[in-house]
Amino acid sequence: MGRLSEQCIQATPFLAGLAVATAALAGKYSIQAWQAFKARPVVPRMRKFYEGGFQPTMTRREASLILGVSSREAVTPEKVKEAHRRVMVANHPDAGGSDYLASKINEAKDVLLGKTKSSGSAF
């Protein structure tokens, strides 16, 4: 019995030292990981959106910004209709979207398809 308690007494400082060494290594790698995390380049998580309100009379540029199609090249009616459907699904009033935004999305489609007299929004 004496020999067993003597071994436990000798093992206790060894285990304590092993625990301290493990904690020190974990701390070292945690600090390195944190510094690498802070040093990473900042990447925006969201796409940059157009800042500003709507024009009194919608232009082709504004319509293309609303629907997310290119304003510099000729856009086919199929692309305009697909973009309109995609944006309208996300902003439809029946799905919690705004009536005002839905009218602007419809107006943007009409402007790009040439179906409007540029009279402005109903709102």
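A search of the whole structure turns up two salt bridges. The model is predicted. Its secondary structure amounts to four helices and zero strands. Along the sequence the pattern reads α-α-α-α. Of the 123 residues, 17% count as buried. The mean pLDDT is 83.

**Salt bridges**

- R85 pairs with E82, and their closest N and O atoms are 3.3 Å apart.
- Both residues belong to helix α3, three residues apart, so about one helical turn separates R85 from E82.
- R85 is partly exposed, at a relative accessible area of 47%.
- E82 is also partly exposed, at 42% relative accessibility.
- K104 and E107 form a salt bridge through their side chains, with an N to O distance of 3.5 Å.
- K104 and E107 are three residues apart in helix α4, so they too are separated by about one helical turn.
- K104 is buried, with a relative accessible area of 2%.
- E107 is buried as well, with a relative accessible area of 9%.
- The cut-off for burial is under 20% relative accessible area, so K104 at 2% falls on the buried side, and so does E107 at 9%.

**Nonpolar core**

- The largest nonpolar core holds 14 residues.
- A63, L67, V69 and L112 have the most contacts inside this core.
- Helices α2, α3 (77–91) and α4 each contribute at least two residues to the core.
- Helix α4 gives the largest share, five residues.
- As a general point, nonpolar side chains in soluble globular proteins tend to be buried together.

- E62, A63, S64 and L67 are buried in α2.
- The cover over the buried residues of α2 includes α3 and α4.
- Setting aside neighbours within four places in sequence, L67 is in contact with V80, A83, H84, R86, V87, I105, A108, K109 and L112.
- L67 is also one of the residues with the most contacts inside the largest nonpolar core.
- G68 follows α2 and has a positive phi, near 75°.

**Aromatic rings**

- The whole structure contains two aromatic pairs.
- One of them joins F54 and Y100 in an edge-to-face arrangement, with 5.6 Å centre to centre and 70° between the planes.
- The pair links distant parts of the chain, its members being 46 residues apart.
- F54 lies in the loop between α1 (2–39) and α2 (60–67), while Y100 lies in helix α4 (residues 99–113).
- F54 is partly exposed, with a relative accessible area of 35%.
- Y100 is partly exposed too, at 31% relative accessibility.
- R40 places its charged end over the ring of F37, 4.0 Å from the ring centre.

**Contacts across the chain**

- Among contacts between residues at least 6 apart in sequence, 44% join residues at least 24 apart.
- K81 and K109 are 28 residues apart along the chain, and their C-alpha atoms are separated by 7.2 Å.
- K81 lies in helix α3.
- K81 counts as partly exposed, at 48% relative accessibility.
- K109 is also among the residues in contact with L67.

**Confidence**

- 80% of the residues reach a pLDDT of 70 or more.
- Among the elements, α1 has the lowest mean pLDDT, 86.
- Helix α4 has the highest mean pLDDT, 91.
- Where pLDDT is low, predicted coordinates should not be read in detail.

Definitions and conventions
Residues are numbered from 1 along each chain as its sequence is written. Side-chain values use heavy atoms; hydrogens and water are left out. Rings of Phe, Tyr and Trp (its six-membered ring) pair if their centres lie within 6.5 Å; planes under 30 degrees apart count as stacked, over 60 as edge-to-face and the rest as tilted. Buried means under 20% relative accessible area, exposed over 50%, partly exposed in between (1.4 Å probe, protein chains only). A charge sits over a ring if NZ of Lys or CZ of Arg is within 6 Å of the ring centre and within 35 degrees of the ring normal. A nonpolar core is a set of buried Ala, Val, Leu, Ile, Met, Phe, Trp, Tyr and Cys residues joined through side-chain atoms within 4.5 Å. Contact means heavy atoms within 4.5 Å. pLDDT is the predictor's confidence in each residue, from 0 to 100. A salt bridge is a side-chain nitrogen of Lys or Arg within 4 Å of a carboxyl oxygen of Asp or Glu.
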